[in-house]
Amino acid sequence: MKLEELLRKWRAEDEEARRIRRSEADWSFIEKQPPRIKAALKYYVEAGDMWVASRIAGLTVDEFNELRKKANIPVVA
Amino acid sequence: MQAVVDTCFLIDWAGYRRRELLKSVFNRLLVPRQVLDEVRSERTAELVGQWLSEGFLYLAPVTRRVEEIAEAIARYAILNSRIPAVEEPEVYGLALAKAYSMPLLTENRGAVRLTQLYPELRDIRVMRALEVLALAIERRAIEAASREDVEKAFAEYIADTKHRFPRKDLKDTVDRLCRVLFGS
């Protein structure tokens with residue numbers, strides 16, 4: 001697959017994943033969280049990167065994953 | 001078959017009701033130390049402790065060769081802004097998979113995309129939960145007598161882990177399994 005084609009495919013995948021995370025997230029739960037946790041959950045909704053989100057939250061990936069489930073944000077992969 | 005497992009896959013899989021199923025697909029899983037640093041919840045810690053004591057999970061030593069491969073992979077990831085971030089646990093996961101010619105179990109898009117982008121990494125077989133479940137169904141580790149059973153197997157994982165498979169990937173996988181298993 002050519003590079004441009006691959007990049008188009010990735011962009012489409014990213015957009016689909018972001019749309020799913022945004023639509024399924026429990027926004028009222030997210031908004032009630034302390035600032036650092038809220039920022040991390042919002043970052044995860046947009047970027048889907050759990051490791052970075054866990055660093056923003058100051059948690060391990062495992063701890064952040066439990067929070068992600070409570071916020072009803074799906075992993076899309 | 002042995003495989004390398006990374007953080008996101010292991011943590012996600014720990015929440016699956018049939019998590020022991022992994023043993024019907026792989027003989028042993030290699031795990032980089034960086035992955036264990038991310039384990040904290042009781043459920044995942046219990047699973048990791050059990051699997052380590054059974055020898056199913058193996059804390060892989062990072063040799064000089066693995067370090068060299070990890071450094072090259074990190075360089076690819078740093079220099080290419082068009083792929084999603086690949087962090088330390090995934091870099092070591094990819095390096096171990098490359099060094100020992102084993103599949104890498106990961107949900108990290110950056111890791112998947114690095115193997116699609118760089119010819120030097122194309123020989124690494126990356127498996128997400130979708131592919132692992134498909135392999136388990138194909139090997140009859142999960143009983144499936146109909147398309148509904150196949151779909152139910154994926155639905156269970158989705159329900160347990162709050163994981164969504166990309167629509168097209170899931171449909172293609174279910175279609176392929178139905179052709180292989182039922183000829184339809």
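Student: What kind of crossing does H8(B) make as it passes H9(B)?

Tutor: In this predicted model, H8(B) passes H9(B) in a right-handed crossing. A crossing counts as right-handed if the near helix is turned clockwise from the far one by less than a right angle.

Student: Which residues make the contact between H8(B) and H9(B)?

Tutor: H8(B) brings B:Ala129, B:Leu133 and B:Ile137. H9(B) brings B:Val150, B:Ala153, B:Phe154 and B:Tyr157.

Student: Why does B:Val39 count as buried?

Tutor: Count its neighbours. B:Val39 has 22 C-beta neighbours inside 10 Å. The cut-off for buried is 20 or more. B:Val39 therefore counts as buried.

Student: Where does B:Val39 lie, and what is it in contact with beyond four places in sequence?

Tutor: B:Val39 sits in the loop between helix H3 (33–36) and helix H4 (42–54) of chain B. Its contacts beyond four places in sequence are A:Asp62, B:Thr44, B:Ala45 and B:Val48. B:Ile11 is 28 residues away along the chain, and its C-alpha atom is 7.6 Å from that of B:Val39.

Student: What makes E3(B) and E5(B) edge strands?

Tutor: The open sheet has 5 strands in the order E3-E2-E1-E4-E5 (chain B), with parallel pairing. Strand E3 (57–59) and strand E5 (126–127) each pair on one side only.

Student: How do you know that E2(B) pairs with E3(B)?

Tutor: Pairing needs at least two bridges. Strand E2 (residues 28–31) of chain B has 3 bridges to E3(B), and the two run parallel. B:Val31 stands opposite B:Leu59 in E3(B).

Student: What joins E1(A) to strand E6 of chain B?

Tutor: There are 2 bridges between E1(A) and strand E6 (residues 163–164) of chain B. That meets the cut-off of at least two. These strands run parallel. A:Val75 has B:His163 as its bridge partner in E6(B).

Student: How many residues does each chain give to the contact?

Tutor: Chain A gives 22 residues and chain B gives 24. The side of chain A that touches chain B has 12 nonpolar, 3 polar and 7 charged residues.

Note on methods:
Residues numbered from 1 in each chain as written. Chains lettered and ligands numbered in written order. Predicted model: local features only at pLDDT ≥ 70, side-chain atom pairs only at ≥ 80, totals over all residues. Helix = DSSP H or I, 4+ residues; strand = E, 2+ residues; numbered from the N terminus. Contact = placed C-beta atoms within 7 Å. Buried ≥ 20, exposed ≤ 12 C-beta atoms within 10 Å, placed from the backbone. Nonpolar A, V, L, I, M, F, W, Y, C, P; charged D, E, K, R; others polar.
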